[in-house]
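Here's a quick briefing to read with the structure open beside you. Have a look at the fold, then work through the notes by topic.

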Amino acid sequence: MSAAHTSTDPTTAHAEHDHSHDPHGEHAKYPFLAHHFDSPAQQFDSGKFGMWLFLATEVLFFGGLFVAYAVLRMLHPEVFAYASHYLDTILGGINTLVLIASSFTMAMAVRFAQTNKRIPLIICLLLTLAGAMGFMVIKYFEYTHKIHENLIMGPGFYRPVDAQEATIAMTDPGEPAPVLKLDSSLGAPAVTPAAASQNIIGIPLPAMDRTAVVSPLAGPSGVVDLAGTPPAERSQYAEEALREVPTADTPHLLDPKLPVNTHQFFAIYYCMTGLHGIHVIVGIGVISWLVWGAFKGRYNSNYYTPVDLVGLYWHVVDLVWIFLFPLFYLIH
Amino acid sequence: MTTSSPTANAQSTDNYLTFTRGIKSWMFTLDHKRIGVMYLVSVLASFFVGGLFALIVRTKLLTPGEVSWIDADQYNQAFTLHGAIMVFLVIIPSIPGALGNFVLPIMLGAKDVAFPRLNLFSYYLWVTGAFLSVYALLAGGFDTGWTFYTPYSTTTETAGVIPVVMGVFVLGFSSIFTGLNFVVTIHKLRPPGMTWFRMPLLLWALYATALIQVLATPVLGITLLLLIIERAFGIGIFDPDMGGDPVLFQHFFWFYSHPAVYIMILPGMGIISEIIAVHSHRQIFGYKYVAFSSIAIAIFSFLVWGHHMFTSGQSELMNVVFSFITFSVAIPSAIKVFNWLATLYKGAIVLNTAMLYGLAFMFLFTIGGLTGLPLGTLNVDIHLHDTYFVVAHFHYVMMGSALIAMVGGIHHWWPKMFGVMFSEFWGRIGCTLVFVGFNVTFFTQFMLGSQGMPRRYYMYQPEFQTYHVISTMGAYVMALGFFVTAAYLLHSLFFGKKAPANPWGGRSLEWQCTSPPPHDNFSTTPSVGNPYDFSDVRWNEAEQGYEIDPNAVPSKDTH
């Protein structure tokens with residue numbers, strides 16, 4: 001049967017096309033051309049379009065977390081203002097520069113693939129890989145430091161780092177420190193067995209008091225917008241939370257200015273930077289695959305699609321970090 | 001397929017089923033047709049399991065009080081499993097995965113989807129999600145309802161919550177990749193002559209569905225991830241005792257799950273467009289309106305999620321806005337219904353089984369859609385929320401419409417997929433049993449709900465018992481209808497008459513290749529024209545099927 005063309009139809013450029021053979025010799029000429037595509041251009045366009053769609057899903061995936069961030073920050077602005085001081089801006093800044101540089105080397109890699117420069121391509125891919133790994137190394141140090149300080153997500157945030165901190169926190173008579181009132185059913189053992197033997201009997205751990213900042217202005221979650229509350233109505237702790245700046249060395253539980261619900265900051269921090277880190281690790285894997293392919297001479301000016309598409313992915317990973325950095329590290 | 005019918009001119013040529021043999025040729029296939037068949041078998045098996053759980057629920061509800069054979073906690077697990085299996089393993093993947101995968105490339109005139117390996121990967125993601133769900137069952141089950149609302153889902157002791165949520169997460173990616181594949185295929189793999197407005201309406205519907213799959217499902221992904229983290233680590237973003245907000249989960253969940261219901265219905269509507277046009281041998285009325293209404297539904301579907309949360313404490317302003325937009329999302333659906341009715345008018349209607357399912361759809365979707373309106377009305381919803389009225393409404397649209405359309409589509413393309421004809425006599429019986437059973441089951445539930453029977457309840461007030469008994473009887477009739485359907489379809493695979501290329505007189509491209517299609521879809525270039533111009537289609541007595549007149553002038557375009 002012949003293809004039915006209307007005379008005014010501009011799209012019917014081709015003549016009859018027998019699907020089971022290779023009429024224009026495209027498939028023989030381009031070994032990378034898949035059987036269901038008619039031309040390398042169609043294959044490349046489809047791949048690129050598919051990658052952009054996938055990146056749209058990634059944006060929506062992270063978007064959910066950005067919405068959660070926005071909701072939590074709107075509900076607890078004082079928490080975000082306070083807790084961001086526990087993040088090392090310098091390390092975060094270095095990470096930002098590292099990722100931006102790696103995006104640049106990735107773009108150069110695409111260019112070199114397009115222009116058949118195999119050695120520069122491999123070098124740029126390796127530099128990108130180095131940047132990605134460097135990012136993860138810095139991240140490793142940031143995370144391990146925080147975990148050591150119990151700046152973690154979940155109720156473990158309120159677990160004293162050691163017996164001494166627990167002792168000071170619970171036996172200091174002058175400081176009720178409401179944030180330490182925990183419901184022991186949250187599952188965090190308060191002291192080490194060794195400390196228990198030092199006659200620190202049963203840290204009582206009453207129920208977590210989220211109404212510690214007591215005010216008729218408390219919203220449905222029981223927390224007050226400290227900044228928006230008139231000074232006369234703020235609790236004594238709120239004033240100090242707004243004024244003084246904690247350092248990373250201060251055991252956070254001993255800080256009377258610690259706002260209630262500070263754990264929420266670290267929850268969203270770990271979720272967002274953790275998910276981003278997972279994407280960086282995936283990127284490391286995929287770029288390594290590219291290095292291998294480049295080494296074997298698979299990419300040239302006819303076929304550089306994988307380099308191009310991985311490049312797009314890497315740019316989006318970088319872009320997500322560029323949003324994360326100010327939102328967590330630059331709040332003040 | 002090996003019956004020796006004297007009318008079969010075609011020698012037993014290679015087709016996609018016989019092209020290669022052996023289990024590995026199926027497990028590692030890249031052929032969209034085989035992937036579609038694998039999806040079909042998997043989805044129908046899941047439907048059977050989900051249906052069993054439904055029968056457990058309905059059987060318990062014969063009596064209002066406690067029964068010895070199932071307690072309240074087990075009952076909660078039963079309806080949760082019914083819902084989760086049906087929503088995530090059956091309805092969402094079924095039409096795109098099973099029928100869409102098979103038909104779309106052929107209907108488009110392409111050799112395959114844009115990314116065949118991704119297609120196979122999507123299928124294996126589905127299988128992984130199914131395995132995780134089974135594992136969840138064995139690990140202790142889950143009783144949260146398919147909606148996994150916090151704080152119950154983060155605190156319930158049933159240990160299967162995290163595995164099943166992981167399973168749904170994986171299923172979400174199966175859906176995303178299928179949608180991505182379809183969008184790229186429709187944009188980039190259309191052959192010369194196949195302009196957007198020469199595409200059959202099923203392709204418009206699958207395209208709109210694919211857009212929703214790609215844009216909405218990632219939000220479900222992150223929601224489920226947050227749920228797992230909350231449950232495993234107690235971070236507290238959904239826990240009011242820790243400064244979080246449980247309604248935040250509902251916003252996140254419904255932001256996906258409302259568009260998800262349009263993922264369920266839009267492909268079904270596409271199938272109905274095909275069935276109605278072909279089996280009444282009539283140009284579809286208002287082609288462009290039907291095509292654009294699919295896109296409009298896809299866009300609007302993102303704006304109405306709050307109508308699941310009218311009683312959750314959100315502000316009056318949000319309630320009003322969501323209610324208003326909910327009313328407007330009914331408009332594109334109504335446009336389609338009117339266009340289908342106009343297509344039927346003065347058509348040469350043949351009451352094949354597929355057409356019977358199509359007509360059933362029209363009736364059931366009208367009821368389902370119209371009953372969405374009282375639910376979208378703020379003051380009425382206060383009374384109807386979380387009652388059986390909601391249950392009846394969504395079963396009319398999800399089962400009575402989407403699933404019925406799927407079954408109709410299976411019948412419509414069965415000869416094409418397997419090269420055999422099924423028994424029309426038993427087909428009509430099966431359809432009648434399903435239709436009658438369905439209405440008896442679910443129409444009574446509208447009455448139950450409006451009189452105050454809450455949903456998901458193990459025990460109920462004795463005054464509701466009569467309705468419940470009637471509803472359960474209907475469920476058994478419906479189950480019988482599905483068994484009959486399965487029986488004659490399976491029978492046809494072994495003993496069915498050989499099918500011609502075009503048994504129903506369709507004009508779209510899939511009817512121009514043999515039944516079953518060859519491995520690479522077309523052995524000769526098909527003619528692309530208006531897919532609903534049936535004037536060139538005529539009966540070929542020798543073949544016992546229709547053919548397109550090769551001497552006809554090129555058909556005029558759709559208007």
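In what order do the elements of chain A run from the N terminus on? They go α-α-α-α-α-α-α-α-α-α, where helices (H or I, at least four residues) and strands (E, at least two) are DSSP runs, numbered from the N terminus. This is a predicted model, in which local features need pLDDT of at least 70, side-chain atom pairs count only at pLDDT 80 or more, and totals for chains, interfaces and linings use all residues. Residues are numbered from 1 along each chain as its sequence is written, with chains lettered from A and ligands numbered from 1 in the order in which they are written.

**Chain A overall**
- Chain A comes to ten helices and zero strands.
- Of its 332 residues, 33% are buried (20 or more other C-beta atoms within 10 Å of the residue's own; 12 or fewer is exposed, in between is partly exposed; C-beta atoms are placed from the backbone).
- Take the contacts (C-beta atoms, placed from the backbone, within 7 Å) in chain A between residues at least 6 apart in sequence: 71% join residues at least 24 apart.

**Thr105(A)**
- Thr105(A) sits in helix α4 (residues 89-114) of chain A.
- With 18 other C-beta atoms within 10 Å, Thr105(A) is partly exposed.
- Setting aside neighbours within four places in sequence, Thr105(A) touches Cys124(A), Leu127(A), Thr128(A) and Gly131(A).

- Leaving out neighbours within four places in sequence, Tyr207(B) is in contact with Phe182(B), Val183(B) and Ile186(B).

**Helix packing in chain B**
- Helices α7 (residues 201-233) and α9 (residues 287-300) of chain B pack at about 10 degrees, axes 8 Å apart; axes are lines fitted to C-alpha atoms, for helices over the stretch in contact, and angles run from 0 to 180 degrees between N-to-C directions.
- So α7(B) is roughly parallel to α9(B) (under 35 degrees; over 145 is roughly antiparallel, 65 to 115 roughly perpendicular, the rest oblique).
- Residues making this contact include Trp204(B) of α7(B) and Tyr287(B) of α9(B).

**Helix α15 of chain B**
- The 31 residues of α15 (residues 465-495) of chain B should span 45 Å at 1.5 Å a residue, and the end C-alpha atoms are 45 Å apart, which agrees; the expected span is 1.5 Å times one less than the number of residues.
- Its buried residues, among them Tyr467(B) and Met478(B), pack against α2 (32-60), α13 (388-418), β1 (420-421) and α14 (424-450) of chain B.

Definitions and conventions
Contact = placed C-beta atoms within 7 Å.
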